[in-house]
Amino acid sequence: MEQIVLDHVVKEYIVAKKKKGMLGALVNLFHSEKIRVEAVKDISCTIEKGEIVGYIGPNGAGKSTTIKMMSGIMHPTSGSILVNGLSPQKNRKEVVKNLGVVFGQRTQLYWDLRLGETFELLKRIYRLPEEQYQRTLEELRNVLGLDQFMDIPVRQLSLGQRMRGELAAAMLHEPGILFLDEPTIGLDIDAKQAIRDFILEMNRKKKTTVILTSHDLDDVMKLCTRLIVINKGVIVEDGPIDEIVSRMATYRMLILEVAEPVQEVSCDQVEVMKIEGRKIWCKFDHHAHTAAEVIHALGEEMKIVDLSVREPDVEDAISNIYHS
Ligand SMILES: Nc1ncnc2c1ncn2[C@@H]1O[C@H](COP(=O)(O)OP(=O)(O)OP(=O)(O)O)[C@@H](O)[C@H]1O
Ligand SMILES: [Mg+2]
(Lines give C-alpha, C1' and ligand atoms only; values in the text may rest on other atoms or scores of the structure.)
(Ligands and ions follow the chains in the order given, each with its own letter.)
Protein backbone atom coordinates (compact mmCIF):
# COMPACT_ATOMS: atom_id res chain seq x y z
CA MET A 1 0.00 0.00 0.00
CA GLU A 2 1.32 3.39 -0.94
CA GLN A 3 1.57 5.33 2.26
CA ILE A 4 3.55 8.40 1.36
CA VAL A 5 3.45 9.97 -2.08
CA LEU A 6 5.54 12.95 -3.12
CA ASP A 7 4.72 14.38 -6.52
CA HIS A 8 7.08 16.98 -7.99
CA VAL A 9 7.66 18.62 -4.65
CA VAL A 10 9.57 21.91 -4.69
CA LYS A 11 10.60 24.10 -1.76
CA GLU A 12 12.12 27.52 -2.15
CA TYR A 13 13.24 29.61 0.76
CA ILE A 14 13.35 33.34 0.36
CA VAL A 15 16.26 34.72 2.30
CA ALA A 16 17.48 38.25 2.76
CA LYS A 17 20.83 38.85 1.16
CA LYS A 18 22.74 40.78 3.80
CA LYS A 19 25.15 43.51 2.84
CA LYS A 20 28.36 43.55 4.82
CA GLY A 21 29.79 46.21 7.11
CA MET A 22 28.27 49.12 9.03
CA LEU A 23 26.95 50.87 5.96
CA GLY A 24 25.59 47.57 4.69
CA ALA A 25 23.74 47.01 7.95
CA LEU A 26 22.15 50.43 7.59
CA VAL A 27 21.13 49.74 4.00
CA ASN A 28 19.66 46.38 5.10
CA LEU A 29 17.31 48.20 7.43
CA PHE A 30 15.59 49.92 4.55
CA HIS A 31 15.69 47.60 1.61
CA SER A 32 17.15 44.17 1.97
CA GLU A 33 17.66 42.30 -1.24
CA LYS A 34 15.85 38.96 -1.35
CA ILE A 35 17.26 35.84 -2.92
CA ARG A 36 15.70 32.46 -3.52
CA VAL A 37 17.24 29.24 -2.27
CA GLU A 38 15.87 26.15 -3.98
CA ALA A 39 16.29 23.67 -1.14
CA VAL A 40 14.17 20.98 -2.79
CA LYS A 41 14.06 21.21 -6.57
CA ASP A 42 11.81 18.43 -7.79
CA ILE A 43 11.18 15.35 -5.73
CA SER A 44 8.83 12.51 -6.56
CA CYS A 45 8.74 9.19 -4.77
CA THR A 46 6.42 6.68 -3.14
CA ILE A 47 6.95 4.88 0.10
CA GLU A 48 5.04 1.76 1.06
CA LYS A 49 3.72 0.69 4.43
CA GLY A 50 6.37 -1.05 6.52
CA GLU A 51 9.42 0.13 4.57
CA ILE A 52 12.52 1.44 6.32
CA VAL A 53 13.95 3.97 3.91
CA GLY A 54 17.31 5.67 4.30
CA TYR A 55 16.95 9.24 3.06
CA ILE A 56 20.51 10.35 2.67
CA GLY A 57 22.61 13.01 0.99
CA PRO A 58 25.36 15.51 1.73
CA ASN A 59 24.90 18.54 4.00
CA GLY A 60 22.41 21.00 2.59
CA ALA A 61 20.94 18.48 0.13
CA GLY A 62 17.37 19.15 1.28
CA LYS A 63 16.67 16.19 3.57
CA SER A 64 15.41 18.05 6.62
CA THR A 65 13.37 20.34 4.40
CA THR A 66 11.65 17.31 2.85
CA ILE A 67 10.93 15.82 6.27
CA LYS A 68 9.48 19.09 7.49
CA MET A 69 7.16 19.17 4.47
CA MET A 70 6.12 15.54 4.88
CA SER A 71 5.28 16.16 8.51
CA GLY A 72 3.30 19.31 7.73
CA ILE A 73 5.64 21.75 9.50
CA MET A 74 6.36 23.46 6.18
CA HIS A 75 4.44 24.01 2.99
CA PRO A 76 5.91 23.03 -0.35
CA THR A 77 6.28 25.89 -2.83
CA SER A 78 4.70 23.59 -5.42
CA GLY A 79 3.91 19.93 -5.94
CA SER A 80 1.88 17.70 -3.69
CA ILE A 81 2.40 15.41 -0.73
CA LEU A 82 0.03 12.72 0.46
CA VAL A 83 0.44 10.81 3.70
CA ASN A 84 -2.12 8.03 4.09
CA GLY A 85 -4.05 9.72 1.31
CA LEU A 86 -4.18 13.08 3.10
CA SER A 87 -2.27 16.32 2.71
CA PRO A 88 -0.09 17.05 5.77
CA GLN A 89 -0.69 20.73 5.11
CA LYS A 90 -4.48 20.70 4.64
CA ASN A 91 -5.26 17.86 7.05
CA ARG A 92 -2.50 18.45 9.54
CA LYS A 93 -4.42 17.16 12.59
CA GLU A 94 -5.46 13.93 10.92
CA VAL A 95 -2.03 13.28 9.47
CA VAL A 96 -0.17 14.01 12.70
CA LYS A 97 -2.20 11.38 14.54
CA ASN A 98 -0.42 8.75 12.55
CA LEU A 99 3.01 10.37 12.56
CA GLY A 100 5.96 10.32 14.92
CA VAL A 101 8.81 12.75 14.26
CA VAL A 102 12.24 13.04 15.86
CA PHE A 103 14.77 15.72 14.98
CA GLY A 104 18.10 14.73 16.49
CA GLN A 105 19.27 18.33 16.38
CA ARG A 106 16.38 19.75 18.31
CA THR A 107 14.46 18.51 21.31
CA GLN A 108 10.72 18.15 21.25
CA LEU A 109 10.56 17.38 24.93
CA TYR A 110 9.71 19.88 27.65
CA TRP A 111 12.97 21.00 29.17
CA ASP A 112 11.70 21.51 32.71
CA LEU A 113 9.41 18.50 33.02
CA ARG A 114 10.48 15.10 34.18
CA LEU A 115 10.44 12.57 31.38
CA GLY A 116 7.47 10.78 32.99
CA GLU A 117 5.53 14.04 33.24
CA THR A 118 6.27 14.75 29.60
CA PHE A 119 4.65 11.47 28.63
CA GLU A 120 1.61 12.27 30.80
CA LEU A 121 1.27 15.58 29.01
CA LEU A 122 1.52 13.92 25.61
CA LYS A 123 -1.14 11.44 26.67
CA ARG A 124 -3.51 14.36 27.16
CA ILE A 125 -2.46 16.13 23.99
CA TYR A 126 -3.12 13.00 21.94
CA ARG A 127 -6.17 12.10 24.06
CA LEU A 128 -4.91 8.55 24.51
CA PRO A 129 -7.15 6.15 26.42
CA GLU A 130 -5.51 5.28 29.77
CA GLU A 131 -5.29 1.59 28.98
CA GLN A 132 -3.60 2.16 25.62
CA TYR A 133 -1.24 4.73 27.15
CA GLN A 134 -0.16 2.38 29.95
CA ARG A 135 0.39 -0.50 27.58
CA THR A 136 2.43 1.52 25.07
CA LEU A 137 4.44 3.28 27.76
CA GLU A 138 5.28 -0.02 29.41
CA GLU A 139 6.49 -1.39 26.12
CA LEU A 140 8.53 1.70 25.28
CA ARG A 141 10.07 1.78 28.75
CA ASN A 142 11.24 -1.78 28.26
CA VAL A 143 12.51 -1.52 24.72
CA LEU A 144 14.28 1.79 25.30
CA GLY A 145 15.39 1.07 28.86
CA LEU A 146 13.81 4.25 30.23
CA ASP A 147 13.11 3.17 33.79
CA GLN A 148 16.04 4.96 35.44
CA PHE A 149 15.25 8.23 33.67
CA MET A 150 11.53 8.63 34.23
CA ASP A 151 11.87 10.97 37.23
CA ILE A 152 14.69 13.07 35.87
CA PRO A 153 13.97 16.49 34.34
CA VAL A 154 14.70 16.46 30.63
CA ARG A 155 17.35 19.16 30.94
CA GLN A 156 19.42 16.87 33.18
CA LEU A 157 19.42 13.93 30.78
CA SER A 158 22.50 13.12 28.74
CA LEU A 159 22.13 13.33 24.98
CA GLY A 160 21.75 9.57 24.57
CA GLN A 161 19.24 9.32 27.41
CA ARG A 162 17.27 12.21 26.02
CA MET A 163 17.22 10.71 22.54
CA ARG A 164 15.62 7.56 23.92
CA GLY A 165 13.05 9.82 25.54
CA GLU A 166 12.48 11.59 22.23
CA LEU A 167 11.80 8.28 20.50
CA ALA A 168 9.39 7.19 23.21
CA ALA A 169 7.58 10.53 22.96
CA ALA A 170 7.33 10.16 19.19
CA MET A 171 5.91 6.63 19.46
CA LEU A 172 3.57 7.04 22.42
CA HIS A 173 0.50 7.46 20.23
CA GLU A 174 1.54 4.42 18.17
CA PRO A 175 1.91 6.15 14.83
CA GLY A 176 2.21 4.04 11.70
CA ILE A 177 4.93 6.33 10.32
CA LEU A 178 8.11 7.52 11.95
CA PHE A 179 10.31 10.30 10.54
CA LEU A 180 13.76 10.30 12.07
CA ASP A 181 16.08 13.14 11.15
CA GLU A 182 19.55 12.22 12.45
CA PRO A 183 18.34 10.34 15.53
CA THR A 184 21.79 9.00 16.40
CA ILE A 185 23.81 12.19 16.00
CA GLY A 186 26.42 12.50 18.74
CA LEU A 187 25.52 9.22 20.43
CA ASP A 188 27.96 6.57 21.64
CA ILE A 189 28.00 3.04 20.24
CA ASP A 190 25.67 1.60 22.89
CA ALA A 191 23.11 4.37 22.57
CA LYS A 192 23.20 4.05 18.76
CA GLN A 193 22.67 0.34 19.07
CA ALA A 194 19.73 0.80 21.43
CA ILE A 195 18.10 3.16 18.97
CA ARG A 196 18.72 0.86 16.03
CA ASP A 197 17.26 -2.09 17.93
CA PHE A 198 14.25 0.00 18.83
CA ILE A 199 13.61 1.03 15.22
CA LEU A 200 13.85 -2.57 14.02
CA GLU A 201 11.60 -3.77 16.81
CA MET A 202 8.89 -1.21 16.02
CA ASN A 203 9.09 -2.04 12.36
CA ARG A 204 8.92 -5.77 12.95
CA LYS A 205 6.15 -5.69 15.52
CA LYS A 206 3.94 -2.92 14.21
CA LYS A 207 5.03 -2.58 10.60
CA THR A 208 5.96 1.02 11.36
CA THR A 209 7.13 2.79 8.23
CA VAL A 210 10.42 4.57 8.91
CA ILE A 211 12.12 7.34 6.97
CA LEU A 212 15.59 7.80 8.36
CA THR A 213 18.10 10.53 7.72
CA SER A 214 21.61 9.88 8.96
CA HIS A 215 25.19 10.66 8.08
CA ASP A 216 26.14 7.47 9.91
CA LEU A 217 26.21 4.94 7.12
CA ASP A 218 26.30 2.16 9.67
CA ASP A 219 22.80 3.18 10.72
CA VAL A 220 21.71 3.10 7.15
CA MET A 221 23.29 -0.29 6.41
CA LYS A 222 21.93 -1.91 9.54
CA LEU A 223 18.40 -0.59 9.24
CA CYS A 224 17.37 0.21 5.71
CA THR A 225 16.50 -1.97 2.81
CA ARG A 226 15.95 0.92 0.46
CA LEU A 227 17.95 4.08 -0.10
CA ILE A 228 16.82 7.37 -1.51
CA VAL A 229 19.85 9.53 -2.18
CA ILE A 230 19.30 13.23 -2.65
CA ASN A 231 21.82 15.78 -3.81
CA LYS A 232 21.20 19.49 -4.39
CA GLY A 233 17.47 19.05 -4.01
CA VAL A 234 16.94 16.21 -6.46
CA ILE A 235 16.83 12.44 -6.09
CA VAL A 236 19.91 10.88 -7.64
CA GLU A 237 19.36 7.28 -6.58
CA ASP A 238 16.35 5.34 -5.37
CA GLY A 239 16.42 1.58 -4.97
CA PRO A 240 17.42 -1.44 -2.90
CA ILE A 241 20.52 -0.66 -0.89
CA ASP A 242 22.48 -3.73 -2.05
CA GLU A 243 21.87 -2.91 -5.65
CA ILE A 244 23.04 0.69 -5.30
CA VAL A 245 26.14 -0.32 -3.41
CA SER A 246 27.22 -2.99 -5.86
CA ARG A 247 26.48 -0.83 -8.89
CA MET A 248 28.21 2.27 -7.61
CA ALA A 249 31.19 0.70 -5.94
CA THR A 250 32.77 -0.97 -8.93
CA TYR A 251 36.12 -1.19 -7.19
CA ARG A 252 37.55 -3.58 -4.69
CA MET A 253 40.47 -2.76 -2.48
CA LEU A 254 43.45 -5.06 -2.35
CA ILE A 255 45.87 -4.74 0.52
CA LEU A 256 49.16 -6.54 0.00
CA GLU A 257 52.19 -7.25 2.05
CA VAL A 258 55.24 -8.10 -0.04
CA ALA A 259 58.61 -9.69 0.82
CA GLU A 260 60.74 -6.75 -0.35
CA PRO A 261 59.90 -3.03 -0.23
CA VAL A 262 58.71 -1.72 -3.60
CA GLN A 263 58.75 1.75 -5.14
CA GLU A 264 56.12 1.23 -7.78
CA VAL A 265 53.74 -1.31 -9.28
CA SER A 266 53.64 -1.79 -13.04
CA CYS A 267 50.62 -4.13 -13.26
CA ASP A 268 47.96 -2.21 -15.19
CA GLN A 269 45.01 -4.10 -13.69
CA VAL A 270 45.29 -2.12 -10.49
CA GLU A 271 45.36 1.48 -9.46
CA VAL A 272 47.81 2.04 -6.63
CA MET A 273 46.45 4.11 -3.77
CA LYS A 274 49.38 4.05 -1.38
CA ILE A 275 52.70 2.27 -0.82
CA GLU A 276 54.34 2.17 2.59
CA GLY A 277 57.48 0.03 2.65
CA ARG A 278 56.31 -3.53 2.19
CA LYS A 279 52.63 -2.68 2.27
CA ILE A 280 50.61 -1.73 -0.79
CA TRP A 281 47.05 -0.51 -1.05
CA CYS A 282 45.52 -0.66 -4.48
CA LYS A 283 42.12 -0.98 -6.09
CA PHE A 284 40.83 -2.80 -9.12
CA ASP A 285 37.64 -2.81 -11.12
CA HIS A 286 36.00 -6.08 -10.17
CA HIS A 287 33.75 -6.01 -13.20
CA ALA A 288 36.84 -6.05 -15.42
CA HIS A 289 39.06 -8.50 -13.50
CA THR A 290 38.56 -11.15 -10.88
CA ALA A 291 40.56 -10.93 -7.68
CA ALA A 292 42.35 -14.13 -8.69
CA GLU A 293 43.50 -12.59 -12.00
CA VAL A 294 44.78 -9.49 -10.29
CA ILE A 295 46.61 -11.39 -7.58
CA HIS A 296 48.15 -13.68 -10.17
CA ALA A 297 49.36 -10.73 -12.25
CA LEU A 298 50.81 -9.01 -9.20
CA GLY A 299 52.45 -12.26 -8.09
CA GLU A 300 54.50 -12.26 -11.32
CA GLU A 301 55.93 -8.93 -10.33
CA MET A 302 56.53 -9.32 -6.61
CA LYS A 303 56.54 -11.90 -3.86
CA ILE A 304 53.28 -11.54 -1.98
CA VAL A 305 53.41 -12.71 1.63
CA ASP A 306 49.97 -11.63 2.78
CA LEU A 307 46.87 -10.09 1.26
CA SER A 308 43.32 -9.09 1.92
CA VAL A 309 40.54 -8.03 -0.39
CA ARG A 310 38.01 -5.53 0.83
CA GLU A 311 34.48 -5.62 -0.55
CA PRO A 312 33.00 -2.38 -1.78
CA ASP A 313 31.05 -0.84 1.05
CA VAL A 314 28.29 1.65 1.30
CA GLU A 315 30.76 4.40 2.06
CA ASP A 316 32.52 3.94 -1.28
CA ALA A 317 29.20 3.86 -3.08
CA ILE A 318 27.85 6.93 -1.39
CA SER A 319 30.94 9.01 -1.89
CA ASN A 320 30.80 8.07 -5.59
CA ILE A 321 27.23 9.33 -5.79
CA TYR A 322 27.87 12.53 -3.86
CA HIS A 323 30.81 13.40 -6.07
CA SER A 324 29.29 12.45 -9.43
N1 LIG B 1 14.73 28.06 7.22
C2 LIG B 1 15.54 28.20 6.18
N3 LIG B 1 15.66 29.39 5.55
C4 LIG B 1 16.46 29.51 4.48
N5 LIG B 1 17.18 28.52 3.93
C6 LIG B 1 17.11 27.33 4.52
C7 LIG B 1 16.29 27.09 5.68
N8 LIG B 1 16.40 25.80 6.03
C9 LIG B 1 17.26 25.24 5.15
N10 LIG B 1 17.68 26.16 4.24
C11 LIG B 1 18.60 25.89 3.10
O12 LIG B 1 18.04 24.87 2.31
C13 LIG B 1 19.02 23.93 1.89
C14 LIG B 1 18.65 22.53 2.36
O15 LIG B 1 18.70 22.48 3.77
P16 LIG B 1 18.30 21.19 4.60
O17 LIG B 1 18.34 21.57 6.03
O18 LIG B 1 17.05 20.63 4.07
O19 LIG B 1 19.51 20.21 4.26
P20 LIG B 1 19.87 18.77 4.84
O21 LIG B 1 19.91 17.85 3.68
O22 LIG B 1 18.97 18.44 5.95
O23 LIG B 1 21.38 18.99 5.34
P24 LIG B 1 22.14 18.44 6.64
O25 LIG B 1 22.70 17.11 6.25
O26 LIG B 1 23.23 19.44 6.81
O27 LIG B 1 21.18 18.39 7.77
C28 LIG B 1 20.34 24.45 2.43
O29 LIG B 1 20.96 25.18 1.41
C30 LIG B 1 19.93 25.36 3.57
O31 LIG B 1 20.85 26.42 3.72
MG1 LIG C 1 19.23 18.13 7.99
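Which residue in β8 is the bridge partner of Tyr-55? The partner is Ile-228. The model is a predicted one, and this report walks through its parts.

## The chain as a whole

The chain has 324 residues, and 46% of them count as buried. It holds 11 helices and 13 strands. Along its principal axes, the C-alpha trace spans about 75 × 55 × 45 Å.

The accessible surface of the chain is about 16,800 Å². Carbon and sulfur atoms own 51% of that surface.

Strand β3 covers residues 52–56. It is mostly covered, with 5 of its 5 residues buried. The cover reaches both faces. On one side sit Ile-52, Gly-54 and Ile-56, and these are buried.

Two strands pair with β3, as the next lines of the tour show. Strand β7 spans residues 209–213 and runs parallel to β3, with 3 bridges joining them. Gly-54 has Leu-212 as its bridge partner in β7. Strand β8 spans residues 226–231 and also pairs with β3 in the parallel sense, over 4 bridges. Here the link is between Tyr-55 and Ile-228.

## Asn-203, a buried helix residue

Asn-203 belongs to helix α7, which runs over residues 189–206. Is Asn-203 buried or exposed? Asn-203 has a relative accessible area of 16%, so it counts as buried. The cut-off for buried is under 20%.

Which residues does Asn-203 touch, leaving aside its neighbours within four places in sequence? They are Gly-50, Glu-51, Ile-52 and Thr-208.

## Around ligand 1

How many residues surround ligand 1? There are 13, and the closest are Gly-60, Lys-63, Ser-64, Thr-65 and His-215. By type, the shell divides into 5 nonpolar, 6 polar and 2 charged residues.

Several polar atoms face oxygen atoms of the ligand. In the side chain of Thr-65, an N or O atom is 2.5 Å from an oxygen atom of ligand 1. Asn-59 has a polar side-chain atom 2.9 Å from a ligand oxygen. Ala-61 uses its backbone instead: an N or O atom there lies 3.2 Å from an oxygen atom of ligand 1. On its own, ligand 1 has 630 Å² of accessible area, and the protein covers 65% of it. Two elements give two or more residues to the shell: β1 (2–17) and α2 (63–70). The largest share, 3 residues, comes from α2.

## Two residues with positive phi

Most residues other than glycine have a negative phi. Glu-174 has a phi near 50°. Its place is in the loop between α6 (159–171) and β6 (177–181). Glu-182 has a phi near 55°. Glu-182 sits in the loop between β6 and α7.

Glu-182 has a relative accessible area of 12%, so it is buried.

Note on methods
Residues are numbered from 1 along each chain as its sequence is written. Chains are lettered from A and ligands numbered from 1 in the order in which they are written. This is a predicted model: local features need pLDDT of at least 70, side-chain atom pairs count only at pLDDT 80 or more; totals for chains, interfaces and linings use all residues. Side-chain values use heavy atoms; hydrogens and water are left out. A residue is near a molecule or strand if one of its heavy atoms lies within 4 Å of it. A polar contact is a pair of N or O atoms within 3.5 Å; within protein, one must be able to donate a hydrogen and the other to accept it, and residues adjacent in sequence count only if both atoms are side-chain atoms. Accessible areas come from the Shrake-Rupley method with a 1.4 Å probe; for residues, only the protein chains shown count as cover. Ala, Val, Leu, Ile, Met, Phe, Trp, Tyr, Cys and Pro count as nonpolar, Asp, Glu, Lys and Arg as charged, and the others, Gly among them, as polar. Buried means under 20% relative accessible area, exposed over 50%, partly exposed in between (1.4 Å probe, protein chains only). Contact means heavy atoms within 4.5 Å. Two strands pair if DSSP finds at least two bridges between them.
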